[in-house]
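I begin with helix packing and then turn to strand pairing.

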Amino acid sequence: MTKIFSKDGFSYFKYILKEVEYRLPSICVDLEVHNRGFTAALPNVWIELSSIEKFLGESKDISFIDTFQHTFTSMSPEEVIINANKVSPSTCQIRYTLNKTYYSSDLNPVLESVQQKGSFELEVYKIEESRKALLEIRDLFH
């Protein structure tokens, strides 16, 4: 389990690695976002290994580069979109959109959707800490 807290300590991302798929290099995580009293949880979010490797490459020297911007997306279109953007030498802003689509359980099922969007800031060193967890995940494939 990895938990990444916001600068003010009132918000966080949490993900738990559930499964590793080697044939189509990807991982499955349970994702939870808590943002100032609002919580959204999405189980079974699939992320391609190539997206993780791209983030690891772009964020390698994040403390020493002026600009950093990366977007994580889930394999299911628009289910999870997380944008990280370095806004100052010590701070990154995280913007996220989580979508859950499902059929209602009524007699006449209808496709429903719930969405949570938000943002918060975190210290650059927390991006570096999350890199360590992602490096461990990447190493599972090598």
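How are H1 and H2 oriented to each other: parallel, antiparallel, perpendicular or oblique? I worked throughout on a predicted model.

**Entry 1. The helix pair**

I looked up the packing of H1 (residues 49-58) against H2 (124-139). Two packed helices are described by the angle between their axes and the distance between the axes. For H1 and H2 I noted an angle of about 140 degrees and axes 10 Å apart. Angles over 145 degrees would count as roughly antiparallel and those from 65 to 115 as roughly perpendicular; H1 and H2 are therefore oblique to each other. I recorded the crossing of H1 and H2 as left-handed.

I then listed the residues that make this contact. H1 contributes Leu49, Ile52, Glu53, Phe55 and Leu56. From H2 come Ile127, Ser130, Arg131, Leu134, Leu135, Ile137 and Arg138.

Which residues of H1 are buried? I found Leu49, Ser51, Ile52, Phe55 and Leu56 to be buried. They cover an arc of only 160 degrees around the axis, which puts them on the same side of H1. On the face of H1 turned away from this buried side I noted the exposed residues Lys54 and Gly57.

I next asked what the buried residues of H1 pack against. Their partners are strands E3 (26-35), E4 (38-48) and E5 (69-73), together with helix H2.

I traced an open sheet of 4 strands in the order E5-E6-E7-E8, with antiparallel pairing. Its edge strands are E5 and E8 (111-123), each of which pairs on one side only. Neighbouring strands of this sheet are turned by 10 degrees against each other on average, direction ignored. H2 packs on the sheet and touches E5, E6 (80-88), E7 and E8. The direction of H2 makes about 120 degrees with that of E8.

**Entry 2. Pairing within the sheet**

How many bridges join E7 and E8? I counted 13 bridges between E7 (residues 91-103) and E8, in the antiparallel sense. One bridge I located joins Cys92 to its partner Leu122 in E8.

E6 and E7 also pair in the antiparallel sense, over 8 bridges. Here I noted Leu98 in E7 as the bridge partner of Val80. E6 and E7 form a hairpin, with 2 residues between them.

Technical notes: Residues numbered from 1 in each chain as written. Predicted model: local features only at pLDDT ≥ 70, side-chain atom pairs only at ≥ 80, totals over all residues. Heavy atoms only, no water. Buried < 20%, exposed > 50% of the residue type's maximum accessible area, 1.4 Å probe, protein only. Arc of directions from axis to C-beta. Contact = heavy atoms within 4.5 Å. Pairing = 2+ DSSP bridges. Axes fitted to C-alpha atoms, helices over the stretch in contact; angles between N-to-C directions. Parallel < 35°, antiparallel > 145°, perpendicular 65-115°, else oblique. Left-handed = near helix turned anticlockwise from the far one by under 90°.
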